[in-house]
Amino acid sequence: MSLLSVRGLDLSIHGTPILRDVALSVAPGQILGVIGESGSGKSMTALSILGLLPPGARRAGTIDLRGRDLSALSERAMTRVRGAEIGMIFQEPMTALNPLQTIGAQVAETLRLHDRLSARAAAEAARAALDRVGLPEPEFPLSRYPHELSGGQRQRVVIAMAIARRPRLLIADEPTTALDVTTQAQILNLIRRLVVEDGMGAIFITHDLAVVADLADSVAIMRDGAVVEHGPTAQVFAQRRHAYTRALFAASAHQPTRRSRGRGAPLLQVEDVTRRYAGKPAVDGVGFSLHRGESLGLVGESGCGKSTLSRAILGLEPLQGGRIALDGTAIDAPHVPRATRAKMQVVFQDPYGSFNPRHQVARLVAEPLHLQADPPRGAARAQAVHAALQAVGLRAADADKYIHEFSGGQRQRIAIARALILRPALIVLDEAVSALDVQVRAQILDLLAELSDSHDLAYLFISHDLHVVRRITDRVLVMRAGRIVEEGATYAVFETPRHAYTKALLRAVPRLPEHAA
Amino acid sequence: MRALILGGALAAVFVAAALLSLVWTPGDVAAVDIGNRLKPPGWPHLLGTDHLGRDMVAMTMAGARVSIAVALVAVGIGMGLGVPLGLAAAAARGGWLDEAIMRGNDLVFAFPSLVIAILITAVFGPSAVNAIIAIGIFNIPVFARVTRGAALSLWTREFIKAARVAGKERMRISVEHILPNVANLLIVQGTIQFSLGILAEAGLSYVGLGAQPPTPSWGRMLAEAQTMFAFAPHLALVPGLSIVLTVLGLNLMGDGLRDYLDPRLRRVRA
Amino acid sequence: MLRYALRRFLSLTLSLVAASLVVFAIIEVIPGDPAAFMLGLNAAPEAVAALRAELGLDQGLVARYLDWASGMLRGDFGVSYTYRTPVAEIVADRLWVSVPLAIYALSLSTLIAIPVGILAAASRGRAPDLAVIGLTQLGIAVPNFWFAMLLVIVFAIGLGWFSAGGFPGWQDGLLPGLKALTLPAIALALPQASILARVMRSALIDTLGEDFVRTARAKGLSQGQALRRHALRNALIPVLTIIGLQFSFLLAGAIIIENVFFLPGLGRLVFQAIAQRDLIVVESVVMLLVFAVILVTFLVDLAYAAVDPRLRRRG
């Protein structure tokens with residue numbers, strides 16, 4: 001018997017169809033994984049169930065929670081369902097809490113609202129809820145403010161709020177996407193434990209097949225506002241009946257083909273580099289070298305110093321100790337010789353923020369040309385731009401467009417074209433595929449593999465995503481708290497990690513079942 | 001879009017009147033005609049005459065010229081000095097230059113433009129130039145702050161990092177990448193400061209710190225009307241409504257421009 | 001909290017020093033001799049010499065500044081040349097008009113604007129909101145001194161509810177004084193209230209779009225409860241900034257409005273002083289106004305810390 005059963009759910013916002021005939025069901029004590037790429041309608045499905053839709057939304061269909069149709073309830077009646085019978089966890093823990101209220105007050109509010117508890121009783125219940133999610137006293141008193149907590153701790157507070165009143169249904173919308181992999185593993189464990197303990201049903205929304213593989217009892221795969229496949233996890237993952245399911249699996253496990261390199265001459269040398277902020281070392285005595293044509297991975301969790309290190313390598317950040325040299329020339333920010341800069345380019349994470357929205361693609365791609373002593377002009381410049389665009393699979397005609405006319409994947413291609421135009425020896429890829437959907441990501445990884453062969457490129461591939469690093473790098477560095485704790489050939493580090501931290505990281509990474517049955 | 005057109009049209013009427021007054025006004029604003037004084041609106045004086053028998057249409061047109069010129073030059077001063085300061089502060093964010101510019105800003109903010117005008121007038125005597133300087137000085141920190149705030153968030157964007165990796169200097173990035181991306185904001189702020197400038201000029205002229213006789217100005221027309229409006233209300237209504245309509249027009253235009261130029265709103269519309 | 005307050009206080013002190021240097025420098029750039037300037041063209045040389053001695057002009061610049069600044073710290077602003085009385089006494093009298101007027105106007109504008117802004121944000125896009133947008137747009141465009149003249153026509157000359165100007169003083173109790181300040185305060189408050197209401201509205205609309213408001217709704221709070229309990233306090237931060245900035249506009253506006261209503265406040269005083277070239281009075285009033293603006297900025301900074309725990313801790 002199901003706890004929640006959604007049937008024929010249609011949704012449009014200002015006339016644009018968002019969901020079509022969505023049907024889902026959740027049983028008590030079980031977790032339903034809802035999987036989809038961005039824009040598939042998975043978040044809107046959650047908001048439809050809660051009745052928290054944006055203005056201009058029109059909803060049809062039935063949402064049956066324990067025999068009651070929520071879609072027929074008034075807004076007033078819904079306020080008694082939200083928080084009491086349905087708890088909700090959102091993606092972004094940094095902004096999900098009121099910055100001006102203590103965590104105790106925010107957790108207690110749920111209880112005071114629905115059960116009319118006294119302040120004292122609510123505070124006691126809030127204390128119990130925070131204890132349950134792993135925020136015990138004396139370290140986490142009720143009087144703490146959100147800004148005093150880390151992202152993972154804030155997400156625990158959000159979870160405490162959601163489960164404080166022991167709701168029947170818990171909805172979690174990408175609750176771990178903004179978190180580090182080890183934190184993610186803890187939060188996933190917590191959610192699983194709470195579901196079992198309270199016999200709740202849960203909907204777990206994610207873009208990551210691997211996350212739900214171990215977690216969910218059943219899954220629903222969504223695409224373009226519709227559920228394409230729904231069933232027990234083991235069955236769906238094993239049978240992969242729908243073409244889209246197969247495509248998702250293929251993209252998730254996609255292995256780009258790339259000639260593995262022997263070591264060429266050293267290209268980038270980093271020796272004992274130290275960078276401090278306000279006396280605290282962000283990068284602490286780091287040394288490594290990167291060879292011509294090599295793809296080197298740099299992995300670590302947020303705050304480990306990998307971004308600072310990459311900025312230092314790019315000559316954007318002065319050093320307090322040590323030395324960085326590219327092709328024998330020292331990089332000593334902010335004075336980096338142009339010829340040296342020209343040998344090294346960068347691709348950033350955010351496909352939306354990486355471009356000046358006011359310039360045409362031709363000008364965006366041509367920007368690094370300014371590093372040349374005698375930059376090409378006119379037809380020669382256009383020729384260089386066209387060649388770079390074609391190398392990344394775009395058309396020469398795209399040069400005259402503006403950046404808002406392109407999708408996220410296309411923008412990353414343009415960013416790569418911009419990096420390629422000077423034919424550099426090294427491209428720093430700073431979380432360059434992290435913001436992309438899995439299918440687009442697979443295509444960009446293929447492109448990177450192909451370019452490294454055709455252009456004899458070395459990559460410094462910085463990422464928090466171990467799956468991706470494994471597939472595109474020859475060697476990998478593991479960074480933690482400003483230091484490199486492990487270094488070695490990628491397959492060796494992944495198969496037989498030596499350092500305890502590397503082992504913990506790898507254990508925390510969710511895995512997909514290897515093969516279809 | 002409607003606000004933009006309506007506001008633009010309103011403001012354009014007064015700007016056109018000001019421009020026209022350079023070559024033609026219905027009657028001479030310098031000619032005193034006591035026999036014709038305090039005529040109510042009618043023919044041939046559509047808006048009546050003032051206590052010296054001057055045509056109110058002509059006076060209002062000439063007054064528009066002073067108000068608009070003072071406000072416009074004051075916006076020019078504010079932008080011309082404030083924007084480079086704001087860009088420089090953002091480029092040096094956290095450094096001593098940033099700190100110095102921001103503290104300088106705070107200091108100027110402590111002097112409302114009326115106070116600056118009082119100081120200047122006390123020392124150099126009253127004039128329209130005072131009004132321009134006083135309002136202009138007050139505009140500098142406004143533009144510096146707006147520019148710096150917008151520029152700071154741009155500096156963290158990846159396309160700026162990309163430009164730095166491309167070896168461009170901070171100055172060049174400021175001009176090439178930052179300035180065009182804050183331009184919309186500056187245009188909107190410019191219309192707001194323009195309308196505030198018209199209000200400020202009127203206030204300064206009203207208390208005698210702005211344009212001096214015989215130059216007509218809306219604020220002075222109101223000051224002269226004060227003892228007479230009980231029996232000649234048009235003396236107060238005509239310049240007062242002129243100010244209201246001009247400022248309203250500029251503000252509507254500013255709001256309309258902001259909606260029109262804001263890419264977030266445009267994406268929704270597209 | 002204490003560290004934060006101390007740091008803000010230090011910044012207040014530095015601003016005051018810088019401002020006093022600016023004022024002193026401007027008065028000092030007077031072309032020629034300040035004493036001759038104050039006495040006019042036809043002054044007797046002996047009178048000029050006497051005034052020079054009185055002003056301490058025979059001392060060096062630094063000594064004069066220190067003299068002036070330390071005098072102000074003790075409450076000694078010098079002696080007015082035209083009134084022949086200590087400036088501190090004249091100013092103190094006038095403050096009894098100007099300060100109540102500014103506070104009256106600021107209270108009015110805040111009391112009107114905040115509920116109106118909340119109403120507009122809560123009914124976003126519907127009739128009350130559109131009415132507020134339209135009315136505030138008009139309110140911002142009206143020059144306050146002109147609005148004051150209209151108020152006089154309607155409520156003083158027409159209806160006779162108030163007198164058209166003048167101030168009876170506080171000796172007959174609170175009410176007659178407040179009554180005389182009512183029209184001026186309304187005239188001052190209206191444009192400020194319009195700006196403030198718009199800021200309140202847009203700050204609240206922005207805050208209502210924040211994730212934590214959605215979290216609050218997911219807990220089961222109604223739209224109204226989420227607005228009251230979570231959005232409002234967060235939206236107050238930008239509103240506080242504007243209230244602080246407005247105070248300086250209010251002071252400036254009050255100086256002009258005092259002229260419309262013939263109120264014996266700082267505004268009247270400073271214009272008379274300009275006409276009579278009494279630089280000592282001008283200098284003192286300007287410093288006082290600047291001091292008021294800087295003090296209000298300081299108070300607003302403290303208010304931020306009271307609202308925002310992130311500031312309290314960081315110091």
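Predicted model: local features only at pLDDT ≥ 70, side-chain atom pairs only at ≥ 80, totals over all residues.
Residues are numbered from 1 along each chain as its sequence is written, and chains are lettered from A and ligands numbered from 1 in the order in which they are written.

Chain A gives 19 residues to the contact and chain B gives 15 residues; two residues are in contact if their C-beta atoms, placed from the backbone, lie within 7 Å. On the side of chain A that touches chain B, the elements giving two or more residues are α11 (338–341) and β16 (344–347) of chain A. Helices (H or I, at least four residues) and strands (E, at least two) are DSSP runs, numbered from the N terminus. By class, this side of chain A has eight nonpolar, five polar and six charged residues. Ala, Val, Leu, Ile, Met, Phe, Trp, Tyr, Cys and Pro count as nonpolar, Asp, Glu, Lys and Arg as charged, and the others, Gly among them, as polar.

## A sheet in chain A

Four strands of chain A form an open antiparallel sheet in the order β2-β1-β4-β5; two strands pair if DSSP finds at least two bridges between them. The edge strands, each pairing on one side only, are β2 (16–26) and β5 (68–69) of chain A.

Strand β4 (residues 57–65) of chain A is joined to β5(A) by two bridges, and these strands run antiparallel. Asp64(A) stands opposite Asp69(A) in β5(A).
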